Amino acid sequence: MRLIVQKSSLKGSISIPPSKSHTIRAFILGLLAKGTSEIINPLNSRDTEACIKACQLLGATIKKQDNSWFIQGIGNHLCNPQKTIDIMNSGTTLRLLTCVASLAPFKTIFDGDWQIRTRPMQPLLEALNNLGANCKSLQNNGRCPISVQGPLTGGKTTI
């Protein structure tokens, strides 16, 4: 078989559809960054709304302008949320922020809707506990609501 590739005459640009997963990860990275991060063309959904509210409770300042969100991050200085963080039905937000919360020396409690309360969290909680955090299911069933307190001390774990 022979393949001949020639330069195309096509030109232009496209915008790819926004991704819920990428948007949530971008907000969490913005939370942990020092300075201001811009998320361009994020996906707006209930899950990303839950992530935004959670990041704000942990100390980020987040503002929307046109088709971008700007996040003033807190570096490694998480704020004590002083109340339960409701992640609604965002499993990605729950799992990622559980890890982030294990960096802080104070207790953070996460909860969500009835579907979130059916999702198994125990393997992640055990992995974080092996690294020095104090994580537990408040219903003792390995599911939300969960309590997370760090800081992590390091070591080895599996998940």
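Contact here means heavy atoms within 4.5 Å. In this predicted model, serine 102 touches Leu128, Ala133, Val148, Gly150, Pro151 and Leu152, leaving aside residues up to four places away in sequence. Serine 102 sits in the loop that runs between α3 and β5 (107-111). With a relative accessible area of 0%, serine 102 is buried, because burial requires a value under 20%. A polar atom of the serine 102 side chain is also placed 2.5 Å from the backbone oxygen of cysteine 99.

The largest nonpolar core holds 35 residues, and the members that touch the most others are Phe27, Leu31 and Phe110. At least two residues of this core come from each of α1 (20-32), α2 (46-57), β3 (68-72), α3 (91-101), α4 (122-130) and β7 (146-149). Phenylalanine 27 gives a handy view of the packing: with residues up to four places away in sequence set aside, its contacts are Ile39, Cys51, Ile52, Cys55, Ile62, Trp69 and Ile71.

Charged side chains complete the picture. Side chains of opposite charge can pair when their charged atoms come close. The model contains 3 salt bridges. One of them joins the side chains of lysine 20 and aspartate 47, with an N to O distance of 3.1 Å. Since lysine 20 belongs to helix α1 and aspartate 47 to helix α2, this pair ties together parts that are 27 residues apart in sequence. Lysine 20 is partly exposed at 38% relative accessibility, whereas aspartate 47 is buried at 14%.

Another salt bridge links lysine 53 with glutamate 49, and the closest N and O atoms are 3.1 Å apart. Both residues lie in helix α2, separated by 4 residues, about one turn of the helix. Lysine 53 is partly exposed, with 43% relative accessibility, and glutamate 49 is likewise partly exposed, at 35%.

Arginine 117 and aspartate 111 also form a salt bridge, in which the closest N and O atoms are 2.4 Å apart. Here arginine 117 is partly exposed, its relative accessible area being 35%, while aspartate 111 counts as buried at 14%.

Notes. Residues are numbered from 1 along each chain as its sequence is written. This is a predicted model: local features need pLDDT of at least 70, side-chain atom pairs count only at pLDDT 80 or more; totals for chains, interfaces and linings use all residues. Side-chain values use heavy atoms; hydrogens and water are left out. A nonpolar core is a set of buried Ala, Val, Leu, Ile, Met, Phe, Trp, Tyr and Cys residues joined through side-chain atoms within 4.5 Å. Buried means under 20% relative accessible area, exposed over 50%, partly exposed in between (1.4 Å probe, protein chains only). A polar contact is a pair of N or O atoms within 3.5 Å; within protein, one must be able to donate a hydrogen and the other to accept it, and residues adjacent in sequence count only if both atoms are side-chain atoms. A salt bridge is a side-chain nitrogen of Lys or Arg within 4 Å of a carboxyl oxygen of Asp or Glu.
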